[in-house]
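Please read this report with the model open beside it, and look up each residue as it is named.

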Amino acid sequence: MRRSSAVHHATVSIAVAAMLASGSRTLAEEPAAAPETARPRIGLVLGGGGAKGAAHIGVLRVLEELRIPINCVTGTSMGALVGGTFAAGMPPAEIEREVLGINWSKTVGSEGLRDRMPIRKKLQGLTYTNSLDLGIEGGTIQTPGGLLKTQDIEDVIRDLVSGARFTRDFNNLPIPFRAIATDMLAGEMVVLDRGDLSVAMRASMAVPGAFSPVVNGGRVLSDGGMMRNLPVDIARGLCADVVIAVSLASPPPRAEDLDSAIALAGRSLDVMIDANQKAQLATLTARDVSIVVPMGDIGSAAFERAPEAIPLGRTAALAQREALLRYAVPEAEYLAWQQRVQRGDGAAVRLADVRIVGLERVTPAYVQAEMRHVVPGATVTTAQIVADTGRVFALGDFEKVEYRFTGPKDARVLEIRAIEKAWGPDFLRFDLGLAANGDGMLQAILRVDHDRTWINSRGAAWHNALQLGTETLVQTDFYQPLDVRQRFFVQPVLRYQREIEDIYNDGERLARYTESEGYAGLDAGVSFGTRAQLRAGLRRGFIKADRDTGPAVFPEVDSQADSSAVLGLFYDTRNAVGLPTSGTLLNARYAHSGAWFGGEQDYDLAEGVVLKSVPFRGDALTLILGAGGELEGELPVTQEFQLGGIRTFPGLQRGEIRGDSYWFAGTSYNWKVADIQSLFGQALYTGLRLNAGRVGGRIDDINDGTLYGAAVSLGGLTPIGPFLLSLGWVDNNSFQLQFALGRPVAEGSMLDDVR
């Protein structure tokens with residue numbers, strides 16, 4: 001397989017073990033072969049266990065070294081993945097290379113998905129605290145069929161068995177094969193013996209709740225481990241006179257580990273699986289071979305530890321060496337068997353036609369526009385098909401994007417089946433943001449976004465947002481693409497925003513205001529791929545500022561009309577919005593307010609910010625520059641720039657310094673101290689931040705000149721969103737202990753966008 005590997009460190013760590021595996025073949029260079037005439041048919045049974053199933057590869061390597069031919073294979077879950085790949089003709093050594101080369105953070109997690117995401121979705125910010133798109137149907141909230149995406153998993157499986165992509169009857173594979181799944185409707189075991197091999201393998205792995213089920217022939221198929229985690233009886237019915245059964249064993253939990261409802265629920269599934277596995281093990285006879293692999297603390301979801309599991313399988317198989325040698329054959333006979341069952345990768349295929357099927361709302365032309373390689377008349381490889389279907393999936397409209405070949409050998413048709421999210425086209429997203437400092441001040445926001453997608457054939461979307469708390473927001477807008485690829489668009493918007501702002505004088509809070517603004521606007525723009533967007537628009541609205549607390553000497557601003565023209569440029573390659581460890585952000589805007597449409601303001605302003613994050617040995621170095629200023633006229637209170645807060649200038653209180661211009665420069669270095677869920681990029685970092693900045697035209701008439709600051713922090717991406725705990729110092733003798741979680745609470749400049 002030709003794929004990038006974010007698990008190079010894991011690959012390197014297993015390289016020694018792989019060399020030892022290769023070198024240890026001297027243990028069985030000349031096994032005492034069983035007489036050929038007496039040799040029984042051997043059925044290999046590979047049990048389920050999620051990530052632990054990588055141990056099966058170590059077992060396959062030993063069977064190869066001992067020269068034991070296999071006549072049929074049955075498998076469940078990860079056992080189906082390894083077993084199906086082996087049955088499709090891939091040698092054990094190549095299976096090991098492929099599995100070690102899998103980027104599990106991309107395949108199971110979401111690494112790289114944001115870079116392929118449409119720029120419009122990046123601008124929406126999505127959610128900081130979760131990645132769930134909830135649906136609305138019949139007045140009730142609907143959830144996806146699985147919490148984890150399956151697109152990249154299915155792509156990996158298709159690549160592994162690409163050599164058998166035209167085989168529909170599993171009896172006709174190089175080694176006859178069966179995958180086990182559970183029919184969630186009937187509550188029965190399903191033995192998959194025909195169809196698309198990759199689909200059968202994925203169905204067997206579909207852990208309920210984690211991965212969406214496979215709907216096939218009116219059946220809803222999920223993980224086969226619930227019914228038959230070790231399908232010994234299926235192997236006997238398929239071919240086996242003798243069974244080699246490989247099961248994966250983990251130590252039982254301690255009583256103190258089962259002290260929560262979640263732990264008990266998870267354990268109940270383990271108990272059910274263990275029970276049916278023990279029942280199958282009890283049917284083994286003296287002729288059969290049971291290989292039990294102790295997995296230690298490697299869990300079912302620890303895919304990043306697959307390199308550690310492979311040697312465990314090898315060790316367990318070698319422990320049964322004498323029992324296995326009963327079924328070894330002479331070298332010439334084994335080589336002849338290998339030549340019969342081993343196949344190379346699927347060759348490139350010339351396409352007579354390409355068909356987009358399965359669409360209900362999305363137009364086929366929109367999907368076809370994402371195809372770079374897959375076009376009629378082209379000769380394509382599996383990797384090229386995966387690249388194109390991956391781009392389609394990243395559009396965000398689909399649950400998964402499948403493909404299959406139809407037609408005769410000399411006129412292959414590639415059928416792309418893009419399955420739209422069943423819980424759409426109305427989607428809800430919820431978000432939460434908290435910010436606090438050592439003085440006991442707490443800011444909080446709660447937000448819900450609604451999107452109605454594919455209102456018309458061009459892909460129009462209606463978006464609504466409601467946010468409550470320190471910043472109140474009500475917004476509705478209508479995104480209307482003008483072309484099939486959705487490069488050009490217009491977007492009318494209605495927006496009302498109210499913020500609670502504190503006014504400071506030399507660090508002392510003197511007053512609190514409620515600032516309000518609202519407008520109707522119309523934007524037009526162009527998107528450049530997935531990374532950049534340029535837009536221009538007109539606004540007509542009002543601004544207002546009411547004093548909540550403080551002396552009467554502080555003025556209020558009655559409602560005033562504001563008409564403006566705006567221009568914005570946005571460029572984003574960050575790998576995450578909360579705490580990026582790689583990528584670039586550029587955000588710039590220009591606004592000109594005048595007397596047209598009854599406007600009462602007269603000002604010009606410009607602002608821009610750029611961020612660059614660079615990964616370094618698992619850590620991250622970030623550089624930030626920002627500046628903004630009044631170019632002409634006098635800025636209204638709602639447009640004044642502010643510095644201060646955990647995200648923009650730690651050590652200062654939120655919005656502590658306010659004026660009509662600013663500049664800022666900062667750098668941070670974050671050391672990774674622990675992984676939380678490495679597959680999903682969730683980790684803890686300690687950081688050091690150095691900042692410098694200045695605000696001009698300050699409303700408190702104080703001239704501190706350039707301020708310098710430093711902060712130490714603990715932060716990271718967690719299952720409940722990004723968080724940051726910071727102790728900051730500024731050279732005007734200001735200290736602040738500050739905390740932030742989830743969606744950022746605005747601090748008064750474009751610097752809000754960078755963390």
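## Aromatic rings

Rings of Phe, Tyr and Trp (for Trp, its six-membered ring) are said to pair if their centres lie within 6.5 Å, and a pair counts as stacked when the planes are under 30 degrees apart, as edge-to-face when they are over 60 degrees apart, and as tilted for the rest. By this rule the count comes to ten aromatic pairs. One of them is formed by Y479 and F489, a tilted pair with 5.5 Å from centre to centre and 40° between the planes. This pair links distant parts of the chain, since Y479 is in strand β20 (residues 471-481) and F489 is in strand β21 (residues 488-505), ten residues apart; helices (H or I, at least four residues) and strands (E, at least two) are DSSP runs, numbered from the N terminus. Both Y479 and F489 are buried, where buried means under 20% relative accessible area, exposed means over 50%, and partly exposed lies in between, with a 1.4 Å probe and protein chains only.

The structure is a predicted model, in which local features need pLDDT of at least 70 and side-chain atom pairs count only at pLDDT 80 or more, while totals for chains, interfaces and linings use all residues. Residues are numbered from 1 along each chain as its sequence is written, and side-chain values use heavy atoms, with hydrogens and water left out.

## Charges over rings

A charge sits over a ring if NZ of Lys or CZ of Arg is within 6 Å of the ring centre and within 35 degrees of the ring normal. R120 lies over the face of Y479, at 4.3 Å from the ring centre, and the charged end of K421 sits over the ring of F427, 5.5 Å from its centre. Elsewhere, F166, Y403 and F405 form one aromatic cluster.

## Nonpolar cores

A nonpolar core is a set of buried Ala, Val, Leu, Ile, Met, Phe, Trp, Tyr and Cys residues joined through side-chain atoms within 4.5 Å. The largest such core has 76 residues, and those with the most contacts inside it are L44, I70, I244 and I291. A second, separate core has 24 residues, including L359, I385, V401 and A418.

Which strand holds L44? L44 lies in strand β1 (residues 42-46), and this residue is buried, with a relative accessible area of 0%. Contact means heavy atoms within 4.5 Å, and, leaving out residues up to four places away in sequence, L44 touches L60, L63, I70, C72, V73, T74, F86, I244 and V246.

## Helices and their packing

Two packed helices are described by the angle between their axes and the distance between the axes. Axes are lines fitted to C-alpha atoms, for helices over the stretch in contact, and angles run from 0 to 180 degrees between N-to-C directions. The axes of helix α3 (residues 78-87) and helix α9 (residues 197-205) come within 7 Å and cross at roughly 160°. The two helices α3 and α9 are therefore roughly antiparallel to each other, given that angles under 35 degrees count as roughly parallel, over 145 as roughly antiparallel, 65 to 115 as roughly perpendicular and the rest as oblique. Where they meet, M78, A80, L81, G84 and T85 belong to α3, and L197, M201, S204 and M205 belong to α9. Helix α9 is mostly covered, with eight of its nine residues buried.

The axes of helix α8 (residues 151-160) and helix α17 (residues 382-393) come within 11 Å and cross at roughly 170°, which makes α8 roughly antiparallel to α17. Q151, D155 and D159 in α8 meet T382, V386, T389 and F393 in α17. At 5% relative accessibility, D155 counts as buried.

Most residues other than glycine have a negative phi, and most peptide bonds are trans. A cis peptide bond, however, joins G424 and P425, with omega about 10°, and P425 lies in the loop between β16 (412-420) and β17 (426-437).

W454, which is not a glycine, has a positive phi of about 50°, and its place is in the loop between β18 (442-452) and β19 (461-469). Q486 also has a positive phi, near 60°, and this residue is found in the loop between β20 and β21.
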